[in-house]
Structures are given as C-alpha cells and as structure tokens.
Amino acid sequence: MAELKITDVKTYLVPAVPAAQNEYNWSGTKALLFVKIETDGGIDGWGECYTLADREQATATHVQEMRRYLIGADPTAIKRFQYWAYHLFGERRPGIDLICAASGIEIAMWDIFGKSLGVPVWKLLGGAVRDRVPVYLNLGSGWLRTPREEVEMVRELSGRFGYRAVKLYPFDFMRDEDEIVEHISAVREGLGREYRLMIDVWREIDLGAIRRIAKRIEACDVTWYEEPIAPDNLDALADLRRTTSLPIVAGEAMFGKRAFRDLFRRGAADIINPDVSVVGGILELKEIAAMAESEYIQVGPHNCNSSTVAASASVHAACTMPNLDMLETFPWYWQLGDKLCKNQLRVEDGHIRIPEGPGLGLEMDEAYLASLHYEPRPMNRWTNRP
C-alpha cells in the first residue's frame with residue numbers, strides 16, 4: 001500500500017447541551033471538540049480533544065495552527081508527531097491547551113493507522129490482555145443534595161448497566177467537614193459493601209481539611225481519594241499519602257511522561273488517572289501506564305469527554321494495560337452520543353467490550369456534526385468571581 005499523506009485537518013466544536021435537555025447532566029454543560037484528519041488514500045481518522053471551561057475555542061485554534069505543518073505528512077508516523085508537538089511546536093514548554101489539541105490529532109492518527117491495516121488500534125498497541133474493560137459510574141453529585149437521592153440514582157443506573165463502582169463529589173457543594181463526612185457515611189450505608197465507592201476531592205486548597213476528612217472516612221471502605229491536591233505541589237500530595245490509609249489518585253490534570261515521572265519519584269499516588277485527551281494521546285497514555293506498571297501503580301483512566309471518540313481511544317489503550325483498575329464513564333453523554341456516532345460504546349454488566357472494527361471502530365455522523373452551530377457555554381457558577 002502506498003504511503004498515506006494528510007490532506008486536511010478539520011475541527012468540529014459541539015455546543016454544550018443544556019442540563020434541562022439531558023436526563024443525567026449534573027455539571028452544567030460541557031462542549032466537545034472533535035478532530036477529523038483526511039488523507040489522499042480516502043482513509044479518514046477521528047480524534048477528540050479535552051475541553052476546559054471557556055477555552056475550547058483556544059484548543060481548536062491550536063489544532064488549526066498545527067494543521068499547516070501536518071498537510072503532506074504521514075498520518076501513521078505517530079511517534080514522530082508526538083516528539084514534534086512537544087519538542088518543536090511546543091518548544092518544550094507546551095501548556096495544557098496545546099497538549100489537548102495534540103492529543104486529538106494523535107488519536108485521529110491511530111484511527112487512520114488501524115483502518116489502513118484493517119485492524120483495531122489495540123492490536124497495534126501489543127494486543128489486549130482482557131476482552132472487556134471494567135468501568136465505574138461518575139455520578140457527579142453536584143446537583144444531588146441527599147445521600148438517599150444519590151443511592152437511588154446509583155441503584156437505578158446499576159440496574160440498567162451493571163455498575164458496581166461509583167464516584168461522588170461531596171466537596172463540590174459542601175463546605176462543612178461534619179456534613180461531608182456524614183454524607184459519605186450515609187451513602188456507604190445506603191449502598192452497602194457491594195459497591196466500590198470513590199471520593200473525588202477535585203483539588204481542594206485546604207490541606208488541613210483534606211487530612212482530617214481523609215482520617216474520618218477511613219472506616220467507610222473508600223476505594224480511592226481522588227485529586228485531593230493540585231499537581232503543583234507533589235510534595236504535599238506525597239505527605240498526605242503517607243498519613244492516610246486511603247488510596248490516593250492523581251493525574252487527571254497532568255500531561256506528558258515527565259510530569260508523571262516526578263509523581264512516581266515522590267511516591268505521591270497509589271493509582272494514576274491520566275486522560276487520553278489531556279495527556280498527549282493514546283501512545284502517551286500507554287507509555288505512562290507502562291511506567292506506572294514498573295512502580296506497581298494501577299491506572300484508572302480519567303474519561304471526562306464524550307462516550308464516542310475519546311472513550312473508544314481510552315478503551316483501546318486500557319485493554320492492553322496489565323495494571324488497569326477501572327475506566328471512568330459519564331451517563332450524561334449517552335443521549336448525545338447516539339446523535340454524534342452511529343455505534344457509540346455501550347456499558348453492559350459494568351464493562352465495555354473492546355471494539356473489533358478497524359481503527360477506533362467508530363462511525364461518526366459528520367453531517368450531524370457539521371449542522372451544529374457552536375455557541376459559548378453558559379457561564380460557570382464560580383463562587384469566587386472577581
């Protein structure tokens with residue numbers, strides 16, 4: 001087969017879906033950013049970039065800034081692109097918006113690579129070590145106010161999709177320490193011990209409260225304590241890990257192997273949760289997981305994107321990881337996903353079966369994507385606005 005050449009790189013910004021139009025939307029809204037790479041051989045690839053609040057257009061601009069360098073390039077030269085994006089285009093000091101843009105491009109390159117050979121991406125990564133990827137439910141409790149409501153929602157979704165693990169955000173809407181502890185304890189009591197229970201702290205700034213609450217909920221059989229401290233202070237994170245029996249999770253806001261190298265050197269996490277659309281793409285996620293494996297650290301990939309392209313990329317990478325714990329899923333994407341994609345992934349019995357089709361195994365609805373008119377998302381409800 002003749003070597004493929006990239007002929008175009010396109011972006012599709014999907015406007016945020018109002019919460020009132022989505023059965024399970026709790027966080028307000030989230031815009032999605034897809035990348036399509038076209039080639040002279042008629043093989044196209046799809047990728048997806050992580051979007052940050054009010055910065056999705058900046059990430060889309062980074063994709064288009066890289067486009068002129070990609071025209072005529074080999075879409076299967078993935079490692080070369082990975083090196084170029086970091087060392088040359090990013091001048092060894094890229095920000096997260098640029099790496100999110102590069103992640104979407106890189107995922108699309110893998111999709112083309114797999115399609116060109118007629119095999120799923122996971123086979124190109126060394127083959128799968130499991131035929132199903134275990135997943136957990138991110139309930140996103142910011143709009144729920146009582147433990148009873150949360151327990152009922154978990155049981156409803158578990159009945160439909162077989163979940164046996166759930167993550168909550170009590171820090172998101174509660175400030176009183178006693179209230180947070182009581183809430184977690186009540187949810188644990190309501191669910192019983194048959195469910196794994198994860199708590200997302202979401203990078204708090206009160207280290208004393210983080211320590212005290214961690215100590216008080218140790219009896220609640222918490223599976224992990226996620227992102228208690230921002231990655232700008234790995235020493236504080238490592239110190240917290242030494243003072244609690246709760247497994248510490250970190251990594252969703254980090255990108256690139258170098259950042260995770262420092263995390264591992266400090267012994268700051270029991271589990272890492274890099275996101276394929278943040279960290280640099282499929283290859284970077286795979287390489288970071290291999291680094292974690294050598295440190296006896298598990299991987300629970302973050303997956304706060306759609307249920308389509310980024311989720312499929314995560315599944316392709318995750319099924320090749322011997323040290324995989326669980327993959328994150330968000331129920332509010334499913335309704336939108338059926339419009340974006342003709343064969344989005346499905347959760348069955350608490351797992352996602354690995355795709356068998358070539359590339360990522362997805363058929364995106366480009367006509368629907370092109371019909372959407374992007375508008376800025378509603379303003380976030382920041383509590384400390386200037």
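**Note on the predicted structure: strands, helices and salt bridges**

1. Strand 4 and strand 12 (residues 351-353) are paired in the antiparallel sense, with 3 bridges between them. Within this pairing, Val 133 has Ile 352 of strand 12 as its bridge partner. Two strands count as a pair if DSSP finds at least two bridges between them. Helices (H or I, at least four residues) and strands (E, at least two) are DSSP runs, numbered from the N terminus. The model is predicted, so local features need pLDDT of at least 70 and side-chain atom pairs count only at pLDDT 80 or more, while totals for chains, interfaces and linings use all residues. Residues are numbered from 1 along each chain as its sequence is written, and side-chain values use heavy atoms, with hydrogens and water left out.

2. With strand 11 (residues 327-329) strand 4 pairs in the parallel sense over 3 bridges, and Tyr 136 stands opposite Glu 328 in strand 11. Strand 4 is also joined to strand 5 (residues 165-168) by 2 bridges, and these strands run parallel; here Asn 138 has Lys 167 of strand 5 as its bridge partner. Because 6 of the 7 residues of strand 4 (residues 132-138) are buried, this strand is largely enclosed by the rest of the structure. Buried means under 20% relative accessible area, exposed means over 50%, and partly exposed lies in between (1.4 Å probe, protein chains only).

3. A separate point concerns the open sheet of 3 strands, which has the order 1-2-3 and antiparallel pairing. Strand 1 and strand 3 (45-49) stand at the edges with a single partner strand each, so one side of each is left without a neighbour in the sheet. On average, neighbouring strands of this sheet are turned by 20 degrees against each other, direction ignored. Strand 2 and strand 3 run antiparallel and are joined by 5 bridges; in strand 3, Gly 47 is the bridge partner of Val 35. Helix 3 (residues 96-117) lies across strand 2 and strand 3 and runs at about 155 degrees to strand 3.

4. How do helix 1 and helix 2 cross, and at what angle? The axes of helix 1 (residues 56-70) and helix 2 (residues 78-89) come within 13 Å and cross at roughly 115 degrees. Axes are lines fitted to C-alpha atoms, for helices over the stretch in contact, and angles run from 0 to 180 degrees between N-to-C directions. On the helix 1 side the contact is made by Glu 65, Met 66, Tyr 69 and Leu 70, and on the helix 2 side by Phe 81, Trp 84 and Phe 89. Contact means heavy atoms within 4.5 Å.

5. The buried residues of helix 2 are Ile 78, Phe 81, Gln 82, Trp 84, Ala 85 and His 87. These buried residues pack against helix 1, helix 3, helix 9 (257-265) and helix 11 (282-294). Just after helix 2, Glu 91 takes a positive phi of about 50 degrees.

6. The structure holds 33 salt bridges. A salt bridge is a side-chain nitrogen of Lys or Arg within 4 Å of a carboxyl oxygen of Asp or Glu. One of them joins the side chains of Arg 67 and Asp 8 (2.8 Å, N to O). Arg 67 lies in helix 1 and Asp 8 in strand 1 (residues 6-14), so this pair ties together parts that are 59 residues apart in sequence. Arg 67 is partly exposed, with a relative accessible area of 28%, whereas Asp 8 is buried at 17%.

7. Glu 366 forms a salt bridge with Lys 36, with the closest N and O atoms 2.6 Å apart. This pair links distant parts of the chain, as Glu 366 is in helix 14 (residues 366-371) and Lys 36 in strand 2 (residues 32-39), 330 residues apart. Glu 366 is partly exposed at 22% relative accessibility, and Lys 36 is buried at 6%. Both belong to a network of salt bridges that links Lys 10, Lys 36, Glu 38, Asp 44 and Glu 366.

8. Is Asn 305 buried or exposed? At 1% relative accessibility, Asn 305 counts as buried. Asn 305 is placed in the loop between strand 10 (298-299) and helix 12 (309-318). Leaving aside residues up to four places away in sequence, Asn 305 touches several residues, including Lys 30, Glu 48, Asp 275 and Tyr 333.
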